[in-house]
Amino acid sequence: MPTARERVRAELTAEITEAARRQLAEVGAAALSLRAVARELGMASSALYRYFPSRDDLLTRLIIDGYDALGEAAEKADDPAAPPLERWLAICRAVRHWAREHPHEYALLYGSPVPGYQAPKDTVPAASRVGVRLGMVLGDAARAGQLPPPARVERDPRLVSDDAVAVLGGDHPDLDDAVRVRALLAWSAIYGTISFELFGHFVGSVEDGDRYFDLTMTELAGLIGLRAVHR
């Protein structure tokens, strides 16, 4: 059980990060200021520095929290007992829904880089959660014999990293580098589609956003071999 001091620290940390999220909505990540957050909370800047020594530390916390929240939404949407295409679409819809509900946090994760900030490796596990879940769908489909026969492209570690192989379904005869490249393309296209919608780039082009998104995600699923299972 946490001590009273640990509980107080956890509560204050949560208050600081929540105030920082409001700052994101008001001024954007590039203008995020520890002093402004401290003023909003009625704290001395020196007191806030005991929790977050720099703006970059606070940004890292916001980024990890954002990725974790997005990953949790994707994981909750996934039903491992469902057919692969249904699982894929459920995850994609959950990612889009989270982005629409949290546009400023999504912009922090997938928008313009914050000048002067470089995300540390600490952010990688959280950032990979959605990809891991999509990779599970791909790997489960391969193990169930539900993918088309692959081209048997020879493994090239200079093309797709070993870490990416682990995320994108792991090692399986039906998962070669050609499939992994298409999976990476599909993964990135999910965020590209959502970003275009969120940042207004589909205005004048797309009339029914929900239908367009589902059709696009279905096309991406087909690109990596996830097709409807007729029962």
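## Model and conventions

Helices (H or I, at least four residues) and strands (E, at least two) are DSSP runs, numbered from the N terminus. The model is predicted: local features need pLDDT of at least 70, side-chain atom pairs count only at pLDDT 80 or more, and totals for chains, interfaces and linings use all residues. Residues are numbered from 1 along each chain as its sequence is written, and side-chain values use heavy atoms, with hydrogens and water left out.

## Annotated span

An unreviewed UniProt entry lists residues 10–70 as "domain: HTH tetR-type". UniProt positions follow the numbering used here, the feature name is shortened, and the annotation may be inferred rather than shown by experiment. In the model this span is 75% helix and 0% strand. Its end C-alpha atoms lie 21 Å apart.

The protein divides into domain 1 (1–53) and domain 2 (62–224). These bounds come from an automatic or database domain assignment. Taken over C-alpha atoms, the domain centres are separated by 31 Å.

Eight residues of domain 1 contact seven of domain 2 (heavy atoms within 4.5 Å). The two domains bury about 660 Å² between them, 77% of it on carbon and sulfur atoms. Buried area is the accessible area (1.4 Å probe) lost by two parts on being put together, summed over both. Arg-21, Leu-24 and Ala-29 supply 61% of the area that domain 1 buries against domain 2, more than any other three residues.

## Largest pocket

A pocket is an open set of points on a 1 Å grid over the protein atoms alone, with protein on both sides within 12 Å along at least five of seven lines; a cavity is a set where a 1.4 Å probe fits but cannot get out. Lining residues have an atom within 4 Å of a point. Points are joined across faces, edges and corners, and a volume is the space filled by probe spheres set on them.

The largest pocket holds about 170 Å³. Helix H4 (55–77) and helix H6 (103–110) each supply at least two lining residues. The lining includes Ile-63, Tyr-67, Leu-108 and Leu-109. By class it has nine nonpolar, three polar and no charged residues. Ala, Val, Leu, Ile, Met, Phe, Trp, Tyr, Cys and Pro count as nonpolar, Asp, Glu, Lys and Arg as charged, and the others, Gly among them, as polar.

## Largest cavity

There is one cavity of 30 Å³ or more. The largest cavity has a volume of about 60 Å³. Helix H8 (129–143) and helix H10 (177–198) each supply at least two lining residues. H8 gives the largest share, four residues. Trp-88, Trp-187 and Ile-224 are among the lining residues. The lining has seven nonpolar, two polar and no charged residues.
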